[in-house]
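Trainee: Let's work through this one term by term. I want each label checked against its cut-off.

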Amino acid sequence: MISIDKAHEMLEQIAAEFPAEFYEKLNGGICLLPEVKYSPHARANDLYILGEYHRNVMGRYIYIYYGSFCRVYGHLDEEQFYAKLRKTVAHEFTHHLENLAGERGLEHKDEDDLEDYLHRKGPQ
């Protein structure tokens with residue numbers, strides 16, 4: 001299992017890989033939170049939120065949920081965990097950049113993925 005300190009170190013390395021332009025108006029930066037976060041649509045607590053992009057009166061920021069990562073990817077080695085963490089950060093940056101551009105393509109894809117999940121799981 002990757003410790004939260006190691007995950008934080010990885011996140012700092014990943015954050016440094018992205019161009020400075022990606023951080024435009026991301027005044028809250030990227031935050032690693034210790035908790036597990038379930039999707040409100042989860043059936044039997046089987047759908048985790050790994051990361052979220054937020055925009056509100058406090059600004060724009062990205063949350064990464066360490067606890068959720070451990071539940072989903074805790075069995076992976078460091079290299080694999082790093083790759084999953086990087087993919088999640090890139091996903092949330094895409095939300096940020098699309099929001100700045102007035103686009104919603106990834107939001108629609110996420111909605112489609114959720115619909116597929118709900119269809120597979122059947123009625124609640």
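Mentor: Helices here are DSSP runs of H or I, at least four residues, and strands are runs of E, at least two, numbered from the N terminus. The model is predicted, so local features need pLDDT of at least 70, side-chain atom pairs need 80 or more, and totals for chains, interfaces and linings use all residues. Residues count from 1 along each chain as its sequence is written, and side-chain values use heavy atoms, without hydrogens or water.

Trainee: What follows α3, and what is its phi?

Mentor: G102 follows α3, with a positive phi near 75°.

Trainee: How do you know that the span of α3 agrees with its length?

Mentor: Expected span is 1.5 Å times one less than the number of residues. For the 24 residues of α3 that gives 34 Å, and its end C-alpha atoms are 34 Å apart, so the two agree.

Trainee: What makes α3 oblique or perpendicular to α4?

Mentor: The axes of α3 (78-101) and α4 (105-121) come within 8 Å and cross at roughly 130°. Under 35 degrees is roughly parallel, over 145 roughly antiparallel, 65 to 115 roughly perpendicular, and the rest oblique. Therefore α3 is oblique to α4. In contact (heavy atoms within 4.5 Å) are H91, T94, H95 and E98 of α3 with G105, L106, E107 and D110 of α4.

Key: Axes are lines fitted to C-alpha atoms, for helices over the stretch in contact, and angles run from 0 to 180 degrees between N-to-C directions.
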